[in-house]
Amino acid sequence: YYPLNLPGEGRTLTRSPELCQTRCGRTPGCAHFTWWPDTACHLQEFRAVLRRSPDAGTITGPANCADEAELAALRGQPPPSPPRPSPPAPPERPAVSRDKAGASA
């Protein structure tokens, strides 16, 4: 995201993207976070613009996963599609019992 930092906030170190997201969720005005594998965590406001990072492994996201619809509304965009449910598992086959000779019962 650009600008890289929320006004008044700077780079901190967090062990995971989840902890960076938690930091964002607890910081007033934070709408997005960016986390790098070197443990750098940066926070951005809702007006920040998503940019491609040249660094592999960079992770970005909203302050809270439930905030994506709210952020889309603030930007005048349609809400994101809800995640698709997994297809149902195929029904289990009934067990076939066999007699001692190996014939199906």
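The model is predicted. Of the 105 residues in the protein, 28% are buried. Among contacts with a separation of 6 or more, 48% join residues 24 or more positions apart.

The protein contains 2 helices and 4 strands, and its elements follow the order β-α-β-β-β-α from the N terminus. Strand S2, residues 32–35, pairs with two other strands. With S3 (residues 40–44), S2 forms an antiparallel pairing over 4 bridges, in which Thr34 has His42 as its bridge partner. The hairpin of S2 and S3 has 4 residues between the strands, and Thr39 takes a positive phi near 80°.

In a regular strand, side chains alternate between the two faces of the sheet. In S2, His32 and Thr34 point one way while Phe33 and Trp35 point the other way, and all of these residues are buried.

Helix H1 spans residues 17–25, and its buried residues are Pro17, Cys20, Gln21, Arg23 and Cys24. Viewed down the axis of H1, these buried residues fall within an arc of 155°, so they line one face of the helix. Exposed residues Glu18 and Gly25 are carried on the face of H1 turned away from the buried side. The cover over the buried residues of H1 includes strand S1 (12–13) together with S2, S3 and S4.

Side chains of opposite charge can pair when their charged atoms come close. The structure holds 3 salt bridges. One of them joins the side chains of Glu9 and Arg23, at 2.9 Å from N to O. Glu9 belongs to the segment before S1 and Arg23 to helix H1, so this pair ties together parts 14 residues apart in sequence. Glu9 is partly exposed, with a relative accessible area of 30%, whereas Arg23 counts as buried at 17% relative accessibility.

Arg11 forms a salt bridge with Asp38, with the closest N and O atoms 3.9 Å apart. This pair links distant parts of the chain, since Arg11 lies in the segment before S1 and Asp38 in the loop between S2 and S3, 27 residues apart. Asp38 is partly exposed, at a relative accessible area of 49%.

A further salt bridge brings together the side chains of Arg47 and Glu45 (3.1 Å, N to O). Arg47 counts as exposed at 56% relative accessibility, while Glu45 counts as buried at 19%.

Terms used
Residues numbered from 1 in each chain as written. Predicted model: local features only at pLDDT ≥ 70, side-chain atom pairs only at ≥ 80, totals over all residues. Heavy atoms only, no water. Buried < 20%, exposed > 50% of the residue type's maximum accessible area, 1.4 Å probe, protein only. Pairing = 2+ DSSP bridges. Arc of directions from axis to C-beta. Contact = heavy atoms within 4.5 Å. Salt bridge = Lys/Arg side-chain N within 4 Å of Asp/Glu carboxyl O.
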